[in-house]
Amino acid sequence: MKKIAAMIMLALLAWAGPGGAQEIKIGLMCPLTGDWAQEGRDMQRFLEMQVEDLNAAGGIKGIPVRLIVADDGGNPRSANLAAQRLVESQVAAVVGTYGSAVTEASQGIYDEAKVVQIANGSTAIRLTEKHFTGFFRTCTRDDFQGRAVARAVTRLGFRKVALVHDNSSYAKGLAVEVEPLLQAAGVEIVYYDALTPGERDYSTIITKMKTLSPEAVVFTGYYPEAGMILRQMQEMGWKVPIIGGDATNNLTIVEIAGREAAAGYYFISPPGPQDLSGEEAKAFMAEYEAKYGQMPGSIFAVLAGDAFKALVKAITEAGSDYEAISSYLHNDLKNFDGFTGPIAFDAKGDRVGDLFRLYRIDGEGKFVLQP
Amino acid sequence: MIKALPPALVAFLLLLPPLVCSNYWLDVLNAIGVSAILAFSLNLIVGQAGMFHMGHAAFCAVGAYTTAIMNTALGTPVLWTMPLAGMAAGFFALLVARPIIHLRGDYLLLVTIGIVEIVRIALTQDIFGLTGGANGIAGIDRPYIFGFRIYKPSHFYWLIWGMAGVTIVLFSYLERSRFGRALNYIREDNLAADGIGINSAAYKLGAFVLGAFWAGMVGTILVSKMTFVSPAFFTFWESVVLFVIVILGGAGNLKGVLLGAFLVTGLPEAFRDFEGMRMFCYGAAVILLMIFRPGGLLPSRPGDYNVAEFMKKLAGPAPNPRSGEDKRP
């Protein structure tokens with residue numbers, strides 16, 4: 001009840017407009033309803049904690065920060081309204097949001113109103129290809145994953161691999177990214193084909209690969225097929241490592257394959273919130289867990305936190321107008337210490353470097369971060 | 001004179017928003033307008049013909065993608081593609097509705113849910129390499145009317161509510177036409193309608209195709225407003241919302257449907273300040289309405305036909321058969 005009362009108070013304050021007490025408003029656009037409501041709630045909690053900590057420490061140069069949350073419903077059409085709403089509450093900058101299509105629907109509005117936006121979960125390539133000067137993202141782009149997969153293959157020392165996708169746009173896209181990168185790194189691709197997702201029997205494709213004797217299999221599809229392949233390779237007595245993309249980062253893979261067959265499976269994925277290194281991140285995560293009884297469900301809430309941190313830094317150093325923030329983020333923010341590692345943005349607004357880490361499933365069926 | 005007052009008042013009220021509203025509220029009104037036009041076209045199928053169709057977003061999607069593909073690949077101006085988008089959606093409706101048109105009630109509902117999901121998944125899977133997969137198609141032009149570029153919320157307000165006005169006029173004529181009456185007979189009793197010589201399958205199919213045609217044209221407006229399109233626009237939930245608008249407002253009653261659009265699309269925005277509670281308030285409102293007004297807020301009233309008047313007119317010019325008899329010797 002207290003929370004509702006607080007919300008109503010907040011709403012009334014929002015109406016009071018700029019005539020009220022001096023404060024810096026930062027918007028958060030996140031999906032509080034719809035399919036991704038869980039992600040949105042984590043994002044909101046994460047940023048609320050950060051704002052609390054920040055204001056307890058005196059805000060930005062003594063000016064308190066207020067977070068204004070708008071629900072985008074995980075849907076482009078309501079995102080349009082959420083963005084208009086935030087622009088109207090005169091926020092200095094906006095963090096969010098999760099889905100790529102949702103972000104895309106809001107980009108134009110923020111650009112027109114000259115509000116800096118830092119997205120935290122939108123990985124579609126073209127978002128940063130539009131040359132909006134005020135658009136940034138703390139997550140990496142879809143095409144960065146291909147590099148991470150290729151890097152993992154070369155790092156693990158495989159010289160001869162089979163490359164398998166499933167013709168879905170995600171898996172095929174990733175395979176198309178990976179192929180030239182592997183070839184450039186001198187890795188021989190002995191087999192390159194698609195399987196049909198949803199089948200129960202992949203023995204034909206496995207037999208074919210076996211005759212070509214690759215040192216490893218790179219599978220860019222989803223976890224159900226990865227699990228089936230692992231199981232059937234085990235049944236056929238062929239043991240070579242498989243490396244997958246982040247669509248196989250799902251505990252169900254162990255159930256499908258069985259613990260024994262799943263052991264030794266590698267995949268590339270952004271780190272989970274529990275695997276973050278860095279003292280500050282660990283401390284904050286512990287605080288979060290103590291307060292809400294659980295960690296955020298995925299890394300994306302943490303990336304929203306990174307976006308907020310970068311904004312606070314930019315506003316502290318350069319002031320709170322559009323030009324100042326965007327130019328600071330583009331040019332002056334270098335190696336800034338974020339929760340997920342160093343943050344810097346390139347000329348397009350993409351985060352420099354990538355987030356992907358290599359994981360391996362151990363004998364217990366646990367996902368272990370590889371150093 | 002008095003009768004003309006309410007429409008004049010409504011017209012005046014419709015002129016006001018662009019002058020007084022902020023961009024946010026204008027866009028809320030635009031969202032309501034888009035929902036309203038889609039709901040009018042769905043009303044033809046659900047309200048007039050009484051077919052439970054919960055896949056209307058699929059037709060809107062076909063229209064939207066038609067515009068998106070034609071505009072980005074061929075450079076056709078957005079508004080020119082509008083009739084084509086409608087035709088593509090109508091043709092698609094003809095193809096998918098023909099085999100299922102005999103299904104009744106819940107069975108039809110299930111199949112239409114299937115249709116909208118199949119369309120969404122096909123779009124996500126980048127069907128024929130045309131739809132751009134999960135990311136959709138970007139870079140769609142703004143519409144131009146005689147060289148005037150429509151891009152501000154206030155411009156779209158005129159475009160959307162102009163189309164809504166045209167829709168209301170056309171659909172209210174349609175409602176009272178031979179076609180509309182036939183659909184109402186089918187809704188009330190399919191068997192009886194067949195009995196009085198109405199080809200119910202053809203009329204039902206006609207309602208589907210026409211409803212889809214209109215939804216396809218709305219697709220054009222939708223993508224030109226967003227300047228991009230992705231499968232996320234056309235989820236099953238969007239179809240459910242449209243269905244709720246029609247049922248809640250009053251199936252078969254255009255005023256009811258308009259009211260429904262204002263409530264279903266507008267209320268969640270009005271409750272935005274309560275953020276966490278807003279879906280709760282919304283859900284509670286829907287449940288209460290269905291308990292206390294199961295026919296919708298403004299239920300469709302049975303048509304008012306003066307039978308005595310009609311008979312008199314029918315009998316008037318005809319010669320009196322008795323007069324002939326009297327002349328017999």
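Visitor: Which residues does Leu195(A) touch, not counting residues up to four places away in sequence?

Guide: Leu195(A) touches Val164(A), Asp166(A), Tyr202(A), Ile205(A) and Glu225(A). Please keep in mind as we go that this is a predicted model. Leu195(A) itself sits in the loop between strand E7 (188–194) and helix H7 (203–211) of chain A. As for Val164(A), it is 31 residues apart from Leu195(A) along the chain, yet their C-alpha atoms are separated by 7.1 Å.

Visitor: What makes Leu195(A) count as buried or exposed?

Guide: We count C-beta neighbours. A residue is called buried if 20 or more other C-beta atoms lie within 10 Å of its own. Leu195(A) has 20 C-beta neighbours inside 10 Å, so it counts as buried.

Visitor: How do you know whether the span of helix H2 (residues 37–56) of chain A agrees with what it should be?

Guide: At 1.5 Å a residue, the 20 residues of H2(A) should span 28 Å. The end C-alpha atoms of H2(A) are 28 Å apart, so the two agree. Just after H2(A) comes Gly58(A), with a positive phi of about 105°.

Visitor: Which residues of H2(A) are buried, and what covers them?

Guide: The buried residues of H2(A) are Glu39(A), Gly40(A), Asp42(A), Met43(A), Gln44(A), Phe46(A), Leu47(A) and Gln50(A). Their cover includes strands E1 (24–30), E2 (65–71) and E3 (93–95) of chain A, together with helices H11 (279–292) and H12 (299–318) of chain A.

Visitor: Why can the buried residues of H11(A) be said to lie on the same side?

Guide: Let us name them before looking at the angle. The buried residues of H11(A) are Ala281(A), Phe284(A), Met285(A) and Tyr288(A). They cover an arc of only 100° around the axis, and therefore lie on the same side of H11(A). These buried residues pack against H2 of chain A. On the other side of H11(A), the exposed residues are Glu279(A), Ala283(A), Ala286(A), Glu287(A) and Ala290(A).

Visitor: What span should the 14 residues of H11(A) have, and how far apart are its end C-alpha atoms?

Guide: The 14 residues should span 20 Å at 1.5 Å a residue, and the end C-alpha atoms of H11(A) are 20 Å apart, which agrees. H11(A) is followed by Gly293(A), which has a positive phi, near 80°.

Visitor: Now to the other chain. What makes helix H3 (residues 23–48) of chain B mostly covered?

Guide: Of the 26 residues of H3(B), 24 are buried. From its first C-alpha to its last, H3(B) reaches 35 Å, close to the 38 Å expected at 1.5 Å a residue. H3(B) also has a kink of about 40°, centred on Leu42(B). Just after this helix, Gly50(B) takes a positive phi of about 70°.

Visitor: How many helices and strands are there in chain B?

Guide: Chain B has 15 helices and 4 strands. Its C-alpha atoms fill a box of roughly 90 × 50 × 45 Å along the principal axes. Of the 329 residues of chain B, 45% count as buried.

Visitor: How many residues of chain A are in contact with chain B?

Guide: There are 25 residues of chain A in contact with 27 residues of chain B. H3(A) gives the largest share of the side of chain A that touches chain B, with 7 residues. By type, that side of chain A divides into 10 nonpolar, 9 polar and 6 charged residues.

Visitor: What confidence does the predictor give, on average, to chain A and to chain B?

Guide: Chain A averages a pLDDT of 87, with 94% of its residues scoring at least 70. Over residues 16–20 of chain A, however, the pLDDT is below 50, and this stretch has 2 contacts beyond near neighbours in sequence. Chain B averages a pLDDT of 85, with 92% of its residues at least 70. Where pLDDT is low, the predicted coordinates should not be read in detail. The model scores ipTM 0.74 and pTM 0.77.

Technical notes
Residues numbered from 1 in each chain as written. Chains lettered and ligands numbered in written order. Predicted model: local features only at pLDDT ≥ 70, side-chain atom pairs only at ≥ 80, totals over all residues. Helix = DSSP H or I, 4+ residues; strand = E, 2+ residues; numbered from the N terminus. Expected span 1.5 Å × (residues − 1). Buried ≥ 20, exposed ≤ 12 C-beta atoms within 10 Å, placed from the backbone. Contact = placed C-beta atoms within 7 Å. Nonpolar A, V, L, I, M, F, W, Y, C, P; charged D, E, K, R; others polar. Bend = angle between axes of the 7 residues up to and from the residue. pLDDT = per-residue confidence, 0-100. Arc of directions from axis to C-beta.
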